[in-house]
Amino acid sequence: MVVALLTIEILVPGSASLKEKRGVVKRIKDRSRNKFNISVAEVDFQDKWQRAKLAFALVGSDHKNAKTTMQKLFQMLDSDYGFEIVNFNLEFL
């Protein structure tokens with residue numbers, strides 16, 4: 001068994017309110033869950049208008065498949081134009 005954990009810190013430059021940021025975060029969470037069947041939560045900066053930290057978790061039986069899925073997830077997130085990834089960390093437990 002392997003647990004993969006990807007954390008990303010994003011900047012939402014066009015956000016002028018918490019409501020706008022929450023819309024972007026909700027879109028990220030919904031797309032990630034639907035496409036990859038992955039767990040995701042906002043874990044930091046809940047009170048900031050333009051910043052968010054998200055954690056994505058995946059439990060699998062194979063390290064290679066977990067790594068591939070996380071890389072595909074990161075590529076999907078990196079190609080989104082509503083926000084900018086400023087920091088990320090991928091680890092396996």
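**Entry 1. E91**

I looked up the exposure of E91 and found it partly exposed, with a relative accessible area of 32%; I count a residue as buried under 20% relative accessible area, exposed over 50%, and partly exposed in between (1.4 Å probe, protein chains only). The model is a predicted one, in which local features need pLDDT of at least 70 and side-chain atom pairs count only at pLDDT 80 or more, while totals for chains, interfaces and linings use all residues. Residues are numbered from 1 along each chain as its sequence is written, and side-chain values use heavy atoms, with hydrogens and water left out.

E91 belongs to strand β4 (residues 84-92); helices (H or I, at least four residues) and strands (E, at least two) are DSSP runs, numbered from the N terminus. Leaving out residues up to four places away in sequence, I find E91 in contact (heavy atoms within 4.5 Å) with V3, A4 and L5. The side chains of E91 and N89 are joined by a polar contact of 3.3 Å. For a polar contact I require a pair of N or O atoms within 3.5 Å; within protein, one must be able to donate a hydrogen and the other to accept it, and residues adjacent in sequence count only if both atoms are side-chain atoms. I also checked E91 against A66: the two are 25 residues apart in sequence and 11 Å apart in space, C-alpha to C-alpha.

**Entry 2. N87 and E9**

I next took N87, which is also in strand β4. N87 counts as partly exposed, at 44% relative accessibility. Apart from neighbours within four places in sequence, N87 touches T7, I8 and E9.

E9 lies in strand β1. Is E9 buried or exposed? At 15% relative accessibility, E9 counts as buried. I noted a polar contact of 2.5 Å between the side chains of E9 and R51. Beyond four places in sequence, E9 touches F45, R51, A52, K53, E84, I85, V86 and N87.

I then examined strands β2 (residues 39-44) and β3 (residues 51-60), which run antiparallel and are joined by five bridges; two strands pair if DSSP finds at least two bridges between them. V40 has F56 of β3 as its bridge partner. The two strands form a hairpin with six residues between them, and F45 in the turn has a positive phi of about 65°.

**Entry 3. Helix α1**

The 19 residues of α1 should span 27 Å, and the end C-alpha atoms are 26 Å apart, which agrees. Which residues of α1 are buried? They are K21, V24, V25, I28, S32 and F36. These cover an arc of only 95° around the axis, which puts them on the same side of α1; the arc is that of the directions from the helix axis to the C-beta atoms. K19, K26 and N34 are exposed on the other side of α1. The cover over the buried residues of α1 includes β1, β2, β3 and α2.

Residues up to four places away in sequence aside, S32 touches N37, I38, F56, L73, M76 and L77.

**Entry 4. Helix α2**

For α2, the 16 residues should span 22 Å, and the end C-alpha atoms are 22 Å apart, in agreement. A66, M70, L73, M76 and L77 are buried in α2. Seen down the axis, the buried residues fall within an arc of 120°, so they line one face of the helix. K64, Q75 and D78 are exposed on the other side of α2. Among the elements that cover the buried residues of α2 are β1, α1, β3 and β4. At the N-terminal end, D62 caps α2, with a side-chain oxygen 3.1 Å from the backbone nitrogen of K64.

**Entry 5. The nonpolar core**

Which of its 23 residues touch the most other members? They are F56, L73 and L77. At least two residues of this core come from each of β1 (2-11), α1 (18-36), β3 and α2 (63-78). Residues up to four places away in sequence not counted, L77 touches I8, I28, S32, F56, F83 and I85.

Terms used
Core = buried A, V, L, I, M, F, W, Y, C linked by side-chain atoms within 4.5 Å. Expected span 1.5 Å × (residues − 1).
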